[in-house]
Amino acid sequence: MLQLREIDKSFADHRLFAGIYWHIRPGDRIGLCGDNGAGKTTLLRLLAGLVQPDHGTVQVARGTTFGYLPQQGLEHRGRSLFAEVRSALDELTAMEQEMRSLEKGLATGCDDDRMARYAFLEEAFRQRGGYTLETEIAKVLDGLGFSESDRERPCDHFSGGWQMRIALAKLLLQRPNLLLLDEPTNHLDLPARDWLEQYLAAYPHAVVLVSHDRFFLDRVVERIVEVWNGSLTEYPGNYSRYLEERERRVTALREARRRQDEEITRIEAFIARFRYQANKASLVQSRIKQLERMERIQVPPLRKRIAFRFPAPPRSGRSVLELEGVEHGYGDLQVLKKVDLTVERGERIALVGANGAGKSTLMRLLAGEEAPRRGLRKVGHQVLQAYFAQDQARILDGSKTVLEQLTTAAPFDMVPRVRDILGSFLFSGDDVHKPVAVLSGGERNRLALAMLLLRPANLLLLDEPTNHLDLQSKDVLLESLRRFPGSLVFVSHDRYFVDALATRVVEVAAGNITSTSGNYEDFLRARALAGDDSHSALRVEQVASRQHGAAPDSSQKASGDEARSYAERKEQKRQERRRQKDLAEVEAQIEACEAQLESLERTLADGSLSHDPDRLREIGVRHGDLQNRVEELYRRWETLHEEPSAAETVA
């Protein structure tokens, strides 16, 4: 349906695309991946016809329609929400108006031409869903998180994130042949992401999207196109498979590059050795031409990633933080009603719920940033907390450089480590002298996260720490939080992040909280078993099946897959508990054997056995046996450490 042929595109002196070829087929579901600045957004805009190539052609099949959702710059004014979304279907509305006009004319007298026109319009209107138009609009608005009371609100009253949802609703209802989405999950809460994921999975036309949500990519796309070094590289499958295939490809490229470099070195050595010998002139020229013809293998650079470890905190008491009978609100608005919540040592609690339900309010109460109207906040023994707000970057001083910002916030003993911490968060070289005011959203978030490292904490309260982070940075933050030995309460709209990290899910809804052990998948299953499918992906699959004619047993298949996944994860968790128990036993044995070795070595060193050779020989044999035992225990310890943890296996 669309082809790119020999496309070149540059901005100033930076060449984004160099002679690229690409083909998009009907029904394709493609995810664009690549480093920031590689050209993903430009490629989407080029496909949408908003940017013209410097060279090459874009061939589009006749009848292809486009729908493009940009990251920002969306604004809707002058109409109610429902009227604005309905305007996306102006053609259907015009058909309906013409039908009403024809009906009035036919009421006064029959006319063959009018009858034929009316029959044609009526059939076209029916086939395009005109008679279920308002129902479809309501389904899409509900799925994207708008309440029924929102439908008559003026669009001017909605914030930037909701403006994006309005634009997305209009695109989905138009159903273009080629849907181009740039970060569609930005500003969507988890229920809305679940709904959009299932909607796009059943979408009958081609979809090309950019997203920093790994779970979303895994569930929606069937092909990944990597944008790098002016070229496009295709990988079949979803994002997880792309990571595996890319690693294999890059490893093979590095080996091929190594062999090519060796060959180039040999040829250059031959040229240098025989360049001035007349009888070798033809051979030298042949080698020179061989070098000129040789296409140098380009290897993608190692990706920069955040690499950090939280400072070791002191051990807190078993009960870390407690809210008891807490009520809170703003003015006449009651946000939370009689909330009881206890955070215990080592827990990783995810707060979930629709936007506006009160997750950030609850987080501020936990952090002590706001005092509740009623109820108590109790802090446990030896608790040191660190709080990362959703708008944490607001505390940064735009007039300071990156280095000055972190140095000012650092305690005296941490000042020598400031540059190391900045390097861990990808601020190196001249980057540390950038003014904070010119940093991108991702850079500002990374700097705000770096400030958490300045002081040890055994309780982390993180409100949307993954905002503006790319996929690789999210992965490293995830691994660091997995290793964090303290307690964690966090809000994230990244499903993969929540599934891989949470040990308990607390839903905030209608002013109350509900707690469920496990991760987000366990939470969905518990809700479904309780008869509440308002969050469940199964509900959306059933809706999508009715809309797009999917097989009636698709939800049953999904349920079976989820049941197997649940059993597998339970078994993995059991194995992980056994592994941790074995590790503890081995470490205790190593400690005991090393204590015995130390005692024997003191006995051997004091010289008192020099006149008792039998006793000396006996202690020497025991010492050798203990050394062998310690080596064996260390090998066992290393084997246990190399085994993947349950969390890593699930991820």
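Modeller: Elements here are DSSP runs numbered from the N terminus: helices are H or I runs of at least four residues, and strands are E runs of at least two. On that basis the chain has 21 helices and 18 strands. This is a predicted model, so local features need pLDDT of at least 70 and side-chain atom pairs count only at pLDDT 80 or more, while totals for chains, interfaces and linings use all residues. Residues are numbered from 1 along each chain as its sequence is written, and side-chain values use heavy atoms, leaving out hydrogens and water.

Now the cavities. The search of the whole structure finds four of them at 30 Å³ or more. A cavity is a set of points, on a 1 Å grid over the protein atoms alone, where a 1.4 Å probe fits but cannot get out. Points are joined across faces, edges and corners, and the volume is the space filled by probe spheres set on them. The largest cavity holds about 80 Å³. Its lining (residues with an atom within 4 Å of a point) consists of 13 residues. Closest to the centre are Cys33, Gly34, His212, Leu471 and Gln472. By class, six lining residues are nonpolar, four are polar and three are charged. Nonpolar covers Ala, Val, Leu, Ile, Met, Phe, Trp, Tyr, Cys and Pro; charged covers Asp, Glu, Lys and Arg; the others, Gly among them, are polar.

Thr466 counts as buried because its relative accessibility is 5%, and the limits are under 20% for buried, over 50% for exposed and partly exposed in between, with a 1.4 Å probe and protein chains only. Setting aside neighbours within four places in sequence, Thr466 is in contact (heavy atoms within 4.5 Å) with Lys474, Leu477, Ser492, Asp494 and Phe497. With Ser492 there is also a side-chain to side-chain polar contact, at 3.5 Å. That term means N or O atoms within 3.5 Å, one able to donate a hydrogen and the other to accept it; residues adjacent in sequence count only if both atoms are side-chain atoms.

Now the chain as a whole. Of its 651 residues, 47% count as buried. Take contacts between residues at least 6 apart in sequence: 68% of them join residues at least 24 apart. Val379, in strand S13 (residues 374–379), gives a local case. Its C-alpha atom sits 6.5 Å from that of Glu322, 57 residues away along the chain. Val379 also touches Val320 and Leu321, not counting residues up to four places away. At 45% relative accessibility, Val379 is partly exposed.

Helix H5 (residues 133–143) has Leu133, Ile137, Ala138, Val140, Leu141 and Gly143 as its buried residues. Just after H5, Gly145 takes a positive phi of about 100°.

Two further backbone points are worth a check. Most residues other than glycine have a negative phi. Glu6 has a positive one, about 55°. Glu6 belongs to strand S1 (residues 2–11) and is partly exposed at 40%. Asn229 also has a positive phi, near 55°. Asn229 is in the loop between strand S8 (223–228) and strand S9 (231–236).

Key: On a 1 Å grid over the protein atoms alone, a cavity is a set of points where a 1.4 Å probe fits but cannot get out, and a pocket is an open set with protein on both sides within 12 Å along at least five of seven lines; lining residues have an atom within 4 Å of a point.
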